[in-house]
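Visitor: I would like to learn how to read a model of this kind, one feature at a time. Could you take me through it slowly?

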Amino acid sequence: MSTKIRLMRMGKIRTPYFRIVITDSRKARNGLSIEEIGRYVPGQEPSIIEVNSERALYWLGVGAQPSEAVEALLKVTGDWQKFKGLPGTEGTLRFAAPKPAKSVAYEAAVKAAAAEPAEGATTLKKKAQEKLAAKSAPVVEEAVVEAPVAEAVAEEAVVEAPVAEVVVEETPAAEAVAEEAPVAETPAE
């Protein structure tokens, strides 16, 4: 019986991955296999290549013939050089950087959320935005018309201020009104 070390295709239509298997050379590509010794995932950067070196060397030693693709993978991992006694047994296999734990990302998100302002909503509703915009940017025409009216109201407050103090002493209801009214300074004549 002639044994081969070859790839067994698995996965979806456009996202394949392969198992490195020992099989009879007369069997189909994805047919019955004797043993699985590794896997190969070409769709990632860098590609994932995992090979059980001990089993690969055993099967190469008993005469199993690797396919061209498997031979290239064994050269990358360094197993082919070990079998042939060549230099470079460490191989040229690259490994992906380890991903940070999900708990680290979660803790960072919690810290970021704690630093946000705790008062109210972060975005204003549409009407609140319109009111805020109206207060911050009043129309110029209204400001010109209101200026003389504001001066007249201030003069009336100056005149009525002493009268309000007298009323405050007599009734408690007038006291609340007096507290709300702004006290204007009398100009020195």
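Visitor: Which strand pairs with β1 in the parallel sense, and over how many bridges?

Guide: In this predicted model, β1 and strand β5, which covers residues 65–66, pair in the parallel sense over two bridges, and Lys4 stands opposite Gln65 in β5.

Visitor: And how does β1 run relative to β2?

Guide: Strand β1 (residues 3–11) and strand β2 (residues 16–24) run antiparallel and are joined by nine bridges, and the two form a hairpin with four residues between them.

Visitor: Turning to helices, which residues of α1 are buried, and why do they lie on the same side?

Guide: The general idea is that an α-helix has 3.6 residues a turn, so residues three or four places apart point the same way. In helix α1, which spans residues 53–61, the buried residues include Ala56, Trp59 and Leu60; because these cover an arc of only 100° around the axis, they are on the same side of α1. The face turned away from that buried side carries Glu54 and Gly61, which are exposed. After α1 comes Gly63, whose phi is positive, near 110°.

Visitor: Which residues touch the most other members of the largest nonpolar core?

Guide: That core has 17 residues, and Ile5, Ile20, Ile37 and Leu74 are the ones that touch the most other members. The elements giving two or more residues to this core are β1, β2, β3 (35–41), β4 (48–51), α1 and α2 (68–77). Leaving aside residues up to four places away in sequence, Ile37 touches Ile5, Ile20 and Ile22, and also Glu50, Val51, Asn52, Arg55, Ala56 and Trp59.

Visitor: Finally, which elements have the lowest and the highest mean pLDDT?

Guide: As a general rule, where pLDDT is low, the predicted coordinates should not be read in detail. For this chain the mean pLDDT is 77, and 67% of the residues reach 70 or more. Among its elements, helix α6 (residues 140–170) has the lowest mean, 51, whereas β5 has the highest, 94. Over residues 161–170 the pLDDT is below 50, and this stretch has four contacts in the model beyond near neighbours in sequence.

How values were computed:
Residues numbered from 1 in each chain as written. Predicted model: local features only at pLDDT ≥ 70, side-chain atom pairs only at ≥ 80, totals over all residues. Heavy atoms only, no water. Pairing = 2+ DSSP bridges. Buried < 20%, exposed > 50% of the residue type's maximum accessible area, 1.4 Å probe, protein only. Arc of directions from axis to C-beta. Core = buried A, V, L, I, M, F, W, Y, C linked by side-chain atoms within 4.5 Å. Contact = heavy atoms within 4.5 Å. pLDDT = per-residue confidence, 0-100.
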